[in-house]
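Please keep the sequence and the coordinates at hand while reading.

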Amino acid sequence: MTLRLGDDAPDFTAETTEGKINLYEYLGDSWGVLFSHPKDFTPVCTTELGTVARLKPEFDRRNTKVIAISVDPVDSHERWIDDIEEVNGVKMNYPMIGDPDRTVADLYDMIHPNASDTNTVRSVFIIGPDKKIKLNITYPASTGRNFDEILRVIDSLQLTADYKVATPADWQDGEDVIIVPAVTDEEAKARFPKGWNAKKPYLRVTPQPNK
């Protein structure tokens, strides 16, 4: 099953390191990040899970819940947590799904046979409060993810969901944004009282409206 932007995020109930969790109930009205790692007790995954634990206050600040998954069982995750905490100097503070029967991995198309027939690739799904897929990124097993970039994307998604703006290349929270072309200049006067700089008729740059 191929998931595309705007599709409903498939709901599921699964065993995790924090007990049985239903995805929709776990997310509630929050945003969510569901991310897969190929295998327990592997080096890159150990660094990634620790990084997310360290960044969890940043996800919390953005009303975003994180949940990890691999096709290893929960008891394997629980043994591995000691290594994650020791290597990264953090306490694990979010659930890890055990998916040995590959139910969730198949729902989210996390196993790519040309990469591995058994292990999940490094998939990232950002899910909105409406339970729609807002972003999907896939990394190979050999490349650790940049979770600062995932936080940056969440900032952009949350901003553009509330205002008729888009964010330019390399944008960071607090920087200028772009008024979407569908907004007329007349409408923009009311929506963006700080004004804008029209670099081109279709490229109007304005200060971030919620700052």
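The text below treats the helix first and then the salt bridges.

This is a predicted model, in which local features need pLDDT of at least 70 and side-chain atom pairs count only at pLDDT 80 or more, while totals for chains, interfaces and linings use all residues. Residues are numbered from 1 along each chain as its sequence is written, and side-chain values use heavy atoms, with hydrogens and water left out.

Helix H5 covers residues 147–162, and its 16 residues reach 23 Å from the first C-alpha to the last, close to the 22 Å expected at 1.5 Å a residue. Here helices (H or I, at least four residues) and strands (E, at least two) are DSSP runs numbered from the N terminus, and the expected span is 1.5 Å times one less than the number of residues. The buried residues of H5 include Phe147, Ile150, Arg152 and Asp155; buried means under 20% relative accessible area, exposed over 50%, and partly exposed in between (1.4 Å probe, protein chains only).

Asp155 also belongs to a network of salt bridges that links it with Glu58, Arg61 and Arg62. A salt bridge is a side-chain nitrogen of Lys or Arg within 4 Å of a carboxyl oxygen of Asp or Glu, and the structure holds 17 of them.

| Salt bridge | N to O distance |
|---|---|
| Lysine 132 and aspartate 8 | 2.7 Å |
| Aspartate 173 and lysine 211 | 3.1 Å |
| Aspartate 185 and arginine 204 | 2.9 Å |

In the salt bridge between aspartate 185 and arginine 204, aspartate 185 lies in helix H6 (residues 185–191) and arginine 204 in strand S11, so the pair ties together parts that are 19 residues apart in sequence. Aspartate 185 is partly exposed at 42% relative accessibility, whereas arginine 204 is buried at 3%.

The side chains of lysine 132 and aspartate 8 also meet in a salt bridge. This pair links distant parts of the chain, 124 residues apart, with lysine 132 in the loop between strand S6 (122–127) and strand S7 (133–139) and aspartate 8 in the segment before strand S1 (13–16). Lysine 132 is partly exposed, with a relative accessible area of 28%, and aspartate 8 is partly exposed at 45%.
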